[in-house]
Amino acid sequence: MVELGSGDYIYEVAEGWGQLPDGWSFKEVAAVGVDANDNVYAFNRGEHPMIVFDKDGNFLRSWGEGVYPRAHGITMAPDDTMFLSDDGDHTVRKCKLDGTVLFTLGVSGQPAPFMSGDPFNRCTHVAIDPRNGDFYISDGYGNARVHKYSPDGTHLFS
């Protein structure tokens, strides 16, 4: 058994966890999220970008096929939604847990000019302010910026 961590935070590696349908495979799982029901969301760079498992590793569903060319970050929100950043598509999408897109920030496939400061050029992650729901998007690979948005996706400043 392999253990990772220290102190109160010791984790065991669960070899073979996550049973995929026959013929499926993971390709570079970029981020993982867990919902309030302990379902696990593996955001990966394969043919099936979002693969959802129950807590025991049983496959539940997949979604996002053809939408996410280069999965990068997942942030689970307290309202049973999630933010998905795709650094190859230059977008961040806010989605329901079933994959329904609520809104998209950025223009799919169209990066802002390199180091322009405009959203987005290879955006990476989202952080949510728990006080008011504002959120911040790191845009670091091609922009060296952080952008702030209101909960409805209105750009506030960079």
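Colleague: In what sense do strand 5 and strand 6 pair, and over how many bridges?

Modeller: In this predicted model, strand 6 covers residues 59-63, and within the pairing Phe53 stands opposite Phe59 of strand 6. The sense in which strand 5 and strand 6 pair is antiparallel, and the number of bridges is 4.

Colleague: Which residue in the hairpin of strand 5 and strand 6 takes a positive phi?

Modeller: The hairpin has 5 residues between strand 5 and strand 6. The residue in this hairpin with a positive phi, near 95 degrees, is Gly57.

Colleague: Which residues of strand 5 lie on each of its faces, and are they buried or exposed?

Modeller: Met50 and Val52 are on one side of strand 5, while Ile51 and Phe53 are on the other. Both faces of the strand are covered, and these residues are all buried.

Colleague: How many residues does the largest nonpolar core have, and which elements give two or more residues to this core?

Modeller: The largest nonpolar core has 13 residues, and those with the most contacts inside it include Tyr41, Met50, Trp63 and Met82. The elements that give two or more residues to this core are strand 4 (40-44), strand 5 (50-53), strand 7 (71-76) and strand 8 (81-86).

Colleague: With which residues is Met82 in contact, leaving aside its neighbours within four places in sequence?

Modeller: Met82 is one of the residues with the most contacts inside the largest nonpolar core, as are Tyr41, Met50, Trp63 and Ile74. Leaving aside neighbours within four places in sequence, the residues in contact with Met82 are Tyr41, Met50, Trp63, Ile74, Thr75, Met76, Ala77, Arg93, Lys94, Cys95, Lys96 and Leu97.

Colleague: How many residues are in the other core, the one that has Phe103 and Tyr149 among them?

Modeller: This other core lies apart from the largest one, and Cys123 and Val126 are also among its residues. Cys123 is buried, with a relative accessible area of 0%. The number of residues in this other core is 10.

Colleague: What is the order of the strands in the open sheet of 4 strands, and which are the edge strands?

Modeller: The order of this open sheet is 11-12-13-14, with antiparallel pairing. Strand 11 (125-128) and strand 14 (155-157) each pair on one side only, and neighbouring strands of the sheet are turned by 35 degrees against each other on average, direction ignored. The edge strands are therefore strand 11 and strand 14, since each of them pairs on one side only.

Colleague: What is the bridge partner of Val126 in strand 12?

Modeller: Strand 11 pairs with strand 12 (residues 135-139) in the antiparallel sense, over 4 bridges. In strand 12, the bridge partner of Val126 is Ile137.

Colleague: Where are Lys148 and Asp134, whose side chains meet in a salt bridge, and how many residues apart are they?

Modeller: The side chains of Lys148 and Asp134 meet at 3.5 Å, N to O. The pair links distant parts of the chain, with Lys148 in strand 13 (residues 145-149) and Asp134 in the loop between strand 11 and strand 12, and the two are 14 residues apart.

Colleague: In the salt bridge of Arg131 and Asp129, which residue counts as exposed?

Modeller: The side chains of Arg131 and Asp129 meet at 2.6 Å, N to O. Asp129 counts as buried at 9% relative accessibility, whereas the residue that counts as exposed, at 72%, is Arg131.

Methods: Residues numbered from 1 in each chain as written. Predicted model: local features only at pLDDT ≥ 70, side-chain atom pairs only at ≥ 80, totals over all residues. Heavy atoms only, no water. Pairing = 2+ DSSP bridges. Axes fitted to C-alpha atoms, helices over the stretch in contact; angles between N-to-C directions. Buried < 20%, exposed > 50% of the residue type's maximum accessible area, 1.4 Å probe, protein only. Salt bridge = Lys/Arg side-chain N within 4 Å of Asp/Glu carboxyl O. Core = buried A, V, L, I, M, F, W, Y, C linked by side-chain atoms within 4.5 Å. Contact = heavy atoms within 4.5 Å.
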